[in-house]
Structure formats: C-alpha cells, structure tokens
Amino acid sequence: MEEVSEENLLLLRIANDDRIAFSMLYKKYLHNLSLFVNSITKDTGLSDELVQDIFVKIWLNRKNLPLIDSFKSYLYRSASNLLIDYIRKQKTQLKIKDISQRFGETYSEAADEGLIYTQTLQYLHNGIKLLPEKRKKIVELKMHDDLSLDEIALQLKISKSVVKKQLYTGMTFLRNHLKHFYRIAPFISFLYFFL
C-alpha cells in the first residue's frame with residue numbers, strides 16, 4: 001500500500017509540473033514498457049519511438065494524472081491503444097494500396113499513399129471543427145487523448161451515457177463527412193479504420 005501512495009504523490013508532483021518526478025516515473029516504467037511494446041512490434045526502433053510518444057502524451061496530459069486510480073494500468077492501456085492505432089494505420093495503408101491497384105493506379109511511389117492518408121486526416125480534422133463545441137471536445141478527448149468514456153465523463157463532469165451518445169453522434173457525423181468527400185464506394189470501407 002505504501003508503494004501506491006508514493007506513486008500517487010509522484011503523480012501529484014508531475015501534475016504540478018515537476019520534471020524530476022516525471023523523470024523518476026519514466027525511469028521506473030521505461031524498461032518493462034519497452035519490452036512490452038517490442039514484444040508486439042518486433043522492431044526496437046519503432047518500439048522506442050512509440051514508448052517515447054506514450055511518455056510525451058503522459059507529460060502533455062499530466063494535469064489528469066491525479067484522477068487515475070492505477071497508473072500502471074493506465075500506462076499499459078495507453079500503450080495498447082497506441083499499438084492498436086499503429087496496426088490500424090498499417091492495415092489502412094494496405095487497404096489503400098489494394099484499392100489503388102484494383103483501379104489500375106500505379107502504386108510504386110510511397111508519396112501517393114502518404115498524400116491520400118494526409119488528405120483524409122485533414123478532412124477528418126476539418127469535420128471535427130464543424131462539430132458543436134461540447135461534442136467536439138468529447139470526440140477530441142477520445143481520439144487524441146485516448147480517454148475512456150468514464151475518464152471523459154469525469155473530466156467534463158457529465159454522465160457516461162451523455163458521453164456515449166455525443167461520441168456516437170460525433171463519429172457518425174465524421175463518417176458521413178468523409179463519405180461525402182470520398183464518392184468512390186470502395187474507399188468508404190477503409191475510412192471506418194480511422195473512426
């Protein structure tokens with residue numbers, strides 16, 4: 001129990017912008033988290049990059065750390081979510097390649113893939129800007145911060161059912177927004193990987 005209270009104190013210090021406390025937390029979890037991520041990616045360079053992204057995100061969202069019951073669970077869930085996003089992006093890129101080949105497009109240049117992906121993300125972000133403020137905040141907390149419905153409800157001081165309804169409505173709007181841009185039917189199926 002003493003370890004948990006020490007960690008809670010550490011999280012409070014980090015929430016108050018204490019970089020030394022963050023460094024201590026980083027050193028405590030870095031090795032095991034790197035092993036976990038690398039066991040899935042099988043790529044040390046990529047694993048190092050993903051682990052750094054996780055800790056950067058933790059630092060950027062440090063004000064929410066005192067709200068977390070179990071930091072270790074939160075850390076590994078963040079890692080899992082990041083890995084799922086990475087895998088989805090890989091699958092999306094493969095689908096884009098497959099669709100391009102079916103339509104007879106040459107796909108020898110990686111720039112085409114990057115351009116389509118970048119344009120799609122841009123339209124997605126433009127769609128998010130069109131959402132009502134409350135709905136936009138909920139969608140951003142889910143998509144950008146990987147917060148659970150409970151965490152969003154706690155942070156915004158609203159019920160989980162309101163979060164769920166607003167998130168569903170927001171995601172439906174974004175899918176339709178992207179469908180409107182991509183009028184070619186085969187593209188629609190891969191868009192669901194983004195949402």
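Which residues do ring pairs link into a cluster? The close-ups below take up that question, using a predicted model.

**View 1. The aromatic cluster of F22, Y26, F55 and W59.** Here are the four residues to look for: F22, Y26, F55 and W59 are joined into a cluster by ring pairs. Across the model, the count of aromatic pairs comes to six.

**View 2. Y26 and F55, an edge-to-face pair.** Zooming in on one of those pairs, the ring centres of Y26 and F55 lie 4.8 Å apart, with 70° between the planes. Since planes over 60 degrees apart count as edge-to-face, this pair is therefore edge-to-face.

**View 3. R62 over the ring of W59.** The charged end of R62 sits over the W59 ring, 4.0 Å from the ring centre.

**View 4. F71 and Y74, a tilted pair.** In this aromatic pair, the centre-to-centre distance is 6.2 Å and the planes make an angle of 40°. Both residues lie in helix α4 (residues 71-102); because F71 and Y74 are three residues apart there, about one helical turn separates them. F71 is buried, at 2% relative accessible area. Y74 is buried too, with a value of 8%.

Methods:
Residues numbered from 1 in each chain as written. Predicted model: local features only at pLDDT ≥ 70, side-chain atom pairs only at ≥ 80, totals over all residues. Heavy atoms only, no water. Phe/Tyr/Trp six-rings, centres within 6.5 Å; stacked < 30°, edge-to-face > 60°. Helix = DSSP H or I, 4+ residues; strand = E, 2+ residues; numbered from the N terminus. Buried < 20%, exposed > 50% of the residue type's maximum accessible area, 1.4 Å probe, protein only. Lys NZ or Arg CZ within 6 Å of the ring centre and 35° of its normal.
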